[in-house]
Amino acid sequence: MTYGKKLREQIAGPGTTPLIGVYDMYSASIAADHYDGMFVSGFGFAASHYGLPDIGFIAWPDMMAFVQRLRGAFPRHHLLVDIDDGYVDPEVACHVVEGLERIGASGVILEDQKRPRRCGHADGKQVLPLHEYLAKLEMVLATRRDLVVVARTDATDEHDILNRAKTLAATDADVVLVDGVRSVEWIRRIRDVVGDKPLLFNQIAGGKSPRLSLTELAELDVDVAIYSTPCLFAAHEAMHSALAELRAADGRLPEVDTATGVGVRAATELLERNIARLRDEPQGVGG
């Protein structure tokens, strides 16, 4: 069974499928212990790989190399990949989709923003003319074999949001995402216009969308929830606190509880599980 089919079947099942944003191999190693699906977030990747904001700096070979490393360590997890606007050019978008499917990605998200692009929860977003985005989307859909394709709009005008959501739902895209949804009422309105097409909701701490539980999202008939930054923001806060405490302690490391704390032993055991997953994986999975 292909990775795309596995994710598609998961989405079609009951409840809301959570996909956790990861930004490097270590965060993915921790996420893998808690959830069976990961989201390769453009926000997190731009921050971790380049130290830059999510405004269009990502180079597709870097993203593809990261996904290849992820699939090697996590052969059974769903991997949904943010490819932004397909790296501008439709032919490049198709090339990236072919490559990602070949190395084992489960799905991709393709947005309709024009450059300079921005995080979906930032101000100042602009979208391509709908016909231009649809042409790119149709090329990607014709290129993929079984990869899940999420069609995303970053429209902000109320009429345009509903028109684009309805139009995207009529394509062969597997899932529709309207990013930066500001209220539960708007989730309901979008759900109505997309009909039976699976719907994805993006949650990001401090973003524009309401904080909703998986139970609440399921009650709204949302099929997938991506959590772009819980690992990244938790790491930011924890590292800031740890280094502030180290400075205050004149450079003396804190004592580690060997049973519950994180030290060399806990970190090594976490990483050794990645080797075990690969050794336990039967040959031919995902093909």
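# A walk through a predicted barrel structure

At the start of helix α3, a side-chain oxygen of S41 comes to within 3.2 Å of the backbone nitrogen of F43. Helices here are DSSP runs of H or I with at least four residues, strands are DSSP runs of E with at least two, and both are numbered from the N terminus. This is a predicted model, in which local features need pLDDT of at least 70 and side-chain atom pairs count only at pLDDT 80 or more, while totals for chains, interfaces and linings use all residues. Residues are numbered from 1 along each chain as its sequence is written, and side-chain values use heavy atoms, with hydrogens and water left out.

Helix α3 spans residues 42-50, and its buried residues are G42, G44, F45 and A46. A residue is called buried when its relative accessible area is under 20%, exposed when it is over 50%, and partly exposed in between (1.4 Å probe, protein chains only). The elements that cover these buried residues include β2, α4, β3 and α10. After α3 comes G51, whose phi is positive, near 65°.

The strands form the next topic. A closed barrel of 8 strands runs β1-β2-β3-β4-β5-β6-β7-β8, with parallel pairing; two strands are said to pair if DSSP finds at least two bridges between them. On average, neighbouring strands of this sheet are turned by 25° against each other, direction ignored. Such angles run from 0 to 180 degrees between N-to-C directions, and the axes are lines fitted to C-alpha atoms, for helices over the stretch in contact.

Strand β3 (residues 78-82) and strand β4 (residues 107-111) run parallel and are joined by 3 bridges. Which residue of β4 is the bridge partner of L80? The partner is G107. Helix α4 (residues 60-73) packs on the sheet, where it touches β1, β2 and β3, and its direction makes about 170° with that of β3. Contact means heavy atoms within 4.5 Å. Helix α6 (residues 130-143) also packs on the sheet, touching β4 and β5, and its direction makes about 170° with that of β5.

In a regular strand, the side chains alternate between the two faces of the sheet. Strand β4 is covered on both faces: G107, I109 and E111 are buried on one side, and V108 and L110 on the other. Thus 5 of the 5 residues of β4 are buried.

The nonpolar interior can be described in terms of cores. A nonpolar core is a set of buried Ala, Val, Leu, Ile, Met, Phe, Trp, Tyr and Cys residues joined through side-chain atoms within 4.5 Å. The largest such core has 64 residues, of which L70, V81, I83, L100 and I190 touch the most other members. When neighbours within four places in sequence are left aside, L100 is in contact with M64, V67, V81, I83, A105 and V108. A second, separate core has 13 residues, among them L7, L19, L80 and V150.

Apart from neighbours within four places in sequence, N274 is in contact with S29, A73 and F74.

Several loop residues complete the picture. P75, in the loop between α4 and β3, is buried, because its relative accessible area is 5%. P75 and Y3 are 72 residues apart in sequence, and their C-alpha atoms are 9.4 Å apart in space. D221 is not a glycine, yet its phi is positive, about 65°. This residue lies in the loop between α9 and β8 and, at 48% relative accessibility, counts as partly exposed. D250, also not a glycine, has a positive phi of about 60°. D250 is found in the loop between α10 and α11 and is exposed, with a relative accessible area of 74%.

Key:
Polar contact = N/O pair within 3.5 Å; in protein donor to acceptor, adjacent residues only side chain to side chain.
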